Amino acid sequence: MAFDVKDLGRSPGSMRTLTEHVPAPGDLGVALIGVQEGSDVGLDLRLEAVHEGILVSGTANVKVTGECGRCLDPLAYDLEVDVQELFFYEDSEFPDEEDEEEQYRVERDVIDLEPVLRDAVVTMLPFQPVCREDCQGLCSECGVRLEDEPGHHHEIVDPRWAALADLAKPDRQN
């Protein structure tokens with residue numbers, strides 16, 4: 001997801017808008033929820049030349065799909081995330097090597113928005129997605145949807161007491 005920024009030059013204050021629809025890259029999500037690879041990503045960004053590099057700011061709109069972490073029902077919704085990142089010019093110097101590794105760069109007059117988009121989207125996804133806050137989920141014993149059977153339960157006998165349970169049966173012969 002690379003974009004040419006040569007037209008901005010290195011003149012602080014020069015700016016252009018970028019309104020495009022691009023296919024979503026892979027790995028844009030977490031285990032239960034994310035953006036389908038190849039689905040439409042709407043970008044509405046402003047690219048602005050500043051002294052240190054190119055400042056990218058705006059929004060990205062994606063379609064999120066996945067499943068509820070409790071009942072496994074499918075989920076789908078639109079998500080708008082804010083994007084703001086500074087891409088440093090190639091010749092920018094950093095006093096600390098660790099800082100340099102964490103910064104995005106303008107390389108050969110091109111910026112790569114994929115890692116920025118990934119950071120923005122993945123951090124906005126729920127760690128444990130649910131279809132509703134009061135979703136009861138599935139029975140841990142048999143897998144039945146608890147929403148469909150509100151009084152559902154199982155008699156669970158502790159195996160340490162199972163032998164004593166046989167003594168309490170009425171049909172036991174002495």
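## Ground rules

Contact here means heavy atoms within 4.5 Å. This is a predicted model, where local features need pLDDT of at least 70, side-chain atom pairs count only at pLDDT 80 or more, and totals for chains, interfaces and linings use all residues. Residues are numbered from 1 along each chain as its sequence is written, and side-chain values use heavy atoms, with hydrogens and water left out.

Helices (H or I, at least four residues) and strands (E, at least two) are DSSP runs, numbered from the N terminus.

## Ser39, in a loop

Let's begin with Ser39, which sits in the loop between β3 (33-35) and β4 (40-49). Setting aside neighbours within four places in sequence, Ser39 is in contact with Val22, Pro23 and Ala24. A polar atom of the Ser39 side chain lies 2.8 Å from the backbone oxygen of Gln36.

Is Ser39 buried or exposed? Its relative accessible area is 18%, so Ser39 counts as buried (buried is under 20% relative accessible area, exposed over 50%, partly exposed in between, with a 1.4 Å probe and protein chains only).

Cys135 is in no disulfide either, and its nearest cysteine sulfur is that of Cys71.

Cys71 is buried, at 6% relative accessible area, and Cys135 is buried too, at 8%.

## The nonpolar core

A nonpolar core is a set of buried Ala, Val, Leu, Ile, Met, Phe, Trp, Tyr and Cys residues joined through side-chain atoms within 4.5 Å. The largest one has 34 residues, and those with the most contacts inside it are Ile54, Val56, Ile111 and Leu113. Two or more residues come from each of β2 (15-23), β3, β4, β5 (53-67), β6 (74-88) and α2 (114-122).

Which residues does Ile54 touch? Not counting residues up to four places away in sequence, they include Val5, Leu8, Leu47, Phe87 and Val106. As background, nonpolar side chains tend to be buried together in soluble globular proteins.

## Asp109, another loop

Asp109 is found in the loop between β7 (104-105) and β8 (110-112). At 36% relative accessibility, Asp109 counts as partly exposed. Leaving out neighbours within four places in sequence, Asp109 is in contact with Phe3, Asp4, Val5 and Lys6.

Tyr89 is 20 residues from Asp109 along the chain, and their C-alpha atoms are separated by 8.6 Å.

Note on methods. Polar contact = N/O pair within 3.5 Å; in protein donor to acceptor, adjacent residues only side chain to side chain. Disulfide = S-S within 2.5 Å.
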